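Please read the following report alongside the sequence and the structure, which are shown directly below. The headings mark the topics in turn.

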Amino acid sequence: MMQQYLRIKSGHPDMLLFYRMGDFYELFFEDAEKAAKLLDITLTRRGTSNGEPIKMAGVPYHAAEQYLARLVRMGESVAICEQIGDPATSRGPVERKVTRIITPGTLTDSALMEEHRDSLLLAFCFSEKKLGLAWLNLAAGRFSILETERSNLQSELERLKPSEILIPEDADFDDPRFCTRRLPNWHFEFDSASRSLSRQFETRDLAGFGCEGHIPSIQAAGALLDYARLTQGSDLNHVKELKVERIDAFLNMDAATRRNLEITETLRGEPAPTLHALMDVCATNMGSRLLRHWLHHPLKNRSLIEQRLAAVSGLQTDCRSVLKLLKGCADMERITTRIALKSARPRDLSGLRDSLALMPSLAAMLEQQEALRLRELASLLDVPQHLLFLLKSALQDEPSAVLREGGVIRDGFDAELDELRAIQNNCGEFLLELETRERQRTGIATLKVEYNRVHGFYIEVSMAQSANVPDDYRRRQTLKNAERYITPELKAFEDRALSAQDKALATEKRLYEELLEKLLPFVQTLQRIGSAAAETDVLAAFSERALDLGFVEPVFCDQPSVRIEGGRHPVVESQIDSFIENDAWLDASRRMLLITGPNMGGKSTYMRQVALIALLAHAGSFVPARSAHLGVLDRIFTRIGASDDIAGGRSTFMVEMTEAANILNNATESSLVLMDEVGRGTSTFDGLALAWSIARHLLEKNRALSLFATHYFELTQLETEYPQAINVHLAAVEHQHHIVFLHSVNQGPASQSYGLQVAALAGIPGSVIRAAKKYLMNLEERVAERQGDLFSHKAPEAEPHPALRLLEETDVDGLSPRQALDLLYEMKKL
């Protein structure tokens, strides 16, 4: 057996091997040590190998999923080795083989996956100038590729958040945040990748998918597809098309922006309070996942955005009814994948049956709407009646959780199964009749005829009455207070009943496998219905949020602009009792708002709320404001907060400057830029000079729509030099030596920073605050005396150099060549 184990393990050296032995999955040697540590299970030793005890650890077969889920969350991969031979006929170890491989990016089992988050498998490789990416959502059958600049790798990883990454073995990539697997370079060979993909999609070539010239992304897609097939141990029949994603299809946000806006994760890495947590009132898990995708992929196509907005508006009356109906809908996307992989469980199919039965009612609601997208979704929800009939006629109303327990196939679906069940169902009547007869025959009133899975059928008699049993009773088991017997009649019945049970289970297994085969042709139909239901769910959630939270429909215009009246930060508003609304106005004549005000005054909240309103509008949602008019943006950039990158060897200031450089190099007139306190990570004058120069570059070169928050009051003078720069401030007042934040945005610069007052609020000792006030007064006096105004101050004109004065006084045209030479020597002396 150990020879068999080591042979199988040699094929999977870099992952844990769950080796099936009876009712347990066993792990040996280093795998056992690792699993015992990760799962907190007992490490034992048995037998010897090369003179050393064999280390073992195991988990029960019936509870394996919970252990697998924990391992996957830790980034581990597991090969599942099952017994495929018959122990009764095997000579030596039962035949075993790896039937599936579980990795973080190839999960399809509901017990192992997060319900509200997609699990993506991603591969990438580089060409000389380009980055090619391919990613597969195996649980939904969606396969995509993208080509972009090499420098965009981190931004794309932050957008997609893959569960597992595949890279060539010589790739220069090391990021501990991701589970990364290196594959031999030949896995990424272009010709074999093209052939593999064409075979998967049953096409002559890939021209029909619009991916001509996408060499590195095709290489990545080929390696990814082969890896996914290997892990599943079967063809991926539900992956039927390759989508080529265009970098300009979505409103672009870099990694820093996605973090700073806390779209699906707070800065502390928690799922709430975030924009997704606030907006997610979806009735289905697949709706929640699609919502997450939409928030990370806001649209740039104005027509598609307005289609979504019209659908959200149209559902205002019925959104709660739609969500209530969808509450009974199972996760059809993932169930469809398990059907394609033939791993669907009985309750998957019963959930699918009940969900499909709801679709006609949902379609009827949508057909009544005027919005074009809602009527399109109604047609996409059409359910083939013979599919629904097949599921209803084949499955019990409440089937067993697992097939091996029986009770899955409906009575009347198969005559042979009905006959075998009849034999089992008559057991109860026979046993009651036998018990009555035996009590009369023996005179033992307490005699019982019973059954258990270990010992089968038996007659139980108390120990006190055991001397009175007839001669044809044969002892089967002795207990403390009773004896258990079998009779020839009961033995004959047991053989018939247990045989019928085994045959019934075998028949049910065959019928269930045939049912899965019959469902395979419907995989694409089920994917269509699931996608339409998920989109309907998100649109209804947007509509419900608009009603419940007081959101309004945004209006899009042709020119890049942001004009918001009464805007609110949706997440902050949900966390406090009263939120102060504020306006924001940016267009060609007002390209930059220079925002000043105290710490804690609300500058960062104000800036983020403008970005979130723009993001929600581009995602097709109503927005938290009294009114909102926007031009279609191409990017949102943020430079907010302070954090270092110790692992990457970058200081706080270096991170800040790297993010600022990205903005200055890539922002356009259609970009929204948020810059918060640029330059604070270095000396005062260095920081001020950088902030001033960056602001000027944004105004002159990028001409982006910018919110520029600063504590450098010298920057407020930019308004006099650039009419497009407008000063605004977050209001605050002092009252009895305390500061009161008003959180309202007013025109003009702030009068002071209130830094000392905020420090006092934070609990800095009074003696420190008093000393700081005294020192601040001295600093202000000295700076005023020495420098005055940093940017309007002109240095006194210096005396001209004597050589220059001599040259100015000389009549060059009146000099002879000799005089000119003498003048040159004289100037050299000077």
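## A partly exposed valine and its surface patch

In this predicted model, V733 is partly exposed, with a relative accessible area of 38%, and the residue belongs to strand 26, which covers residues 725-735. Together with V740 and L742, V733 makes a nonpolar surface patch of about 200 Å².

## Aromatic pairs and a cluster

The structure holds 15 aromatic pairs. One of them joins F201 and F209 in a tilted arrangement, with 5.0 Å from centre to centre and 55° between the planes; F201 is buried, and F209 is buried as well.

A stacked pair is formed by F430 and F493, whose ring centres lie 4.1 Å apart and whose planes make an angle of 20°. This pair links distant parts of the chain, since F430 sits in helix 17 (residues 427-442) while F493 sits in helix 18 (residues 488-519), 63 residues apart. Both F430 and F493 are buried. Elsewhere, one aromatic cluster is formed by Y5, Y19, F28 and F29.

## Arginines over aromatic rings

Two contacts between an arginine and a ring can be described. R20 lies over the face of Y61, at 3.6 Å from the ring centre, and the charged end of R308 sits over the ring of W294, 3.5 Å from the centre of that ring.

## Cysteines without disulfides

How many disulfides does a search of the whole structure find? The search finds zero. A disulfide is a covalent bond between the sulfur atoms of two cysteines. For C211, the closest cysteine sulfur is that of C125, and because the two sulfurs are 14 Å apart, they are too far from each other for a bond.

Is C211 buried or exposed? With a relative accessibility of 5%, C211 counts as buried, because buried means under 20% relative accessible area. C81 is likewise buried, and its relative accessible area is 0%.

## A glycine in a loop

G681 is placed in the loop that runs between strand 24 (671-676) and helix 23 (684-702), where its relative accessibility of 42% makes it count as partly exposed. Between G681 and L730 there are 49 residues in sequence and 23 Å in space, taken from C-alpha to C-alpha.

## Backbone details

The peptide bond that leads from A272 to P273 is cis, with omega near 0°. P273 is located in the loop between helix 7 (255-260) and helix 8 (275-279).

Positive phi values in residues other than glycine occur at D40, where phi is near 55°, and at H743, where phi is near 60°. D40 has its place in the loop between helix 2 (29-39) and strand 3 (44-49), and this residue is exposed, with a relative accessible area of 69%. H743, by contrast, is found in strand 27 (residues 738-747), and at 34% relative accessibility H743 counts as partly exposed.

Note on methods: Residues numbered from 1 in each chain as written. Predicted model: local features only at pLDDT ≥ 70, side-chain atom pairs only at ≥ 80, totals over all residues. Heavy atoms only, no water. Patch = residues over 30% accessible without salt bridge, like charges linked within 9 Å, V, L, I, M, F, W, Y side chains within 5 Å. Areas by Shrake-Rupley, 256 points an atom, 1.4 Å probe, with all protein chains shown as cover. Salt bridge = Lys/Arg side-chain N within 4 Å of Asp/Glu carboxyl O. Helix = DSSP H or I, 4+ residues; strand = E, 2+ residues; numbered from the N terminus. Buried < 20%, exposed > 50% of the residue type's maximum accessible area, 1.4 Å probe, protein only. Phe/Tyr/Trp six-rings, centres within 6.5 Å; stacked < 30°, edge-to-face > 60°. Lys NZ or Arg CZ within 6 Å of the ring centre and 35° of its normal. Disulfide = S-S within 2.5 Å.
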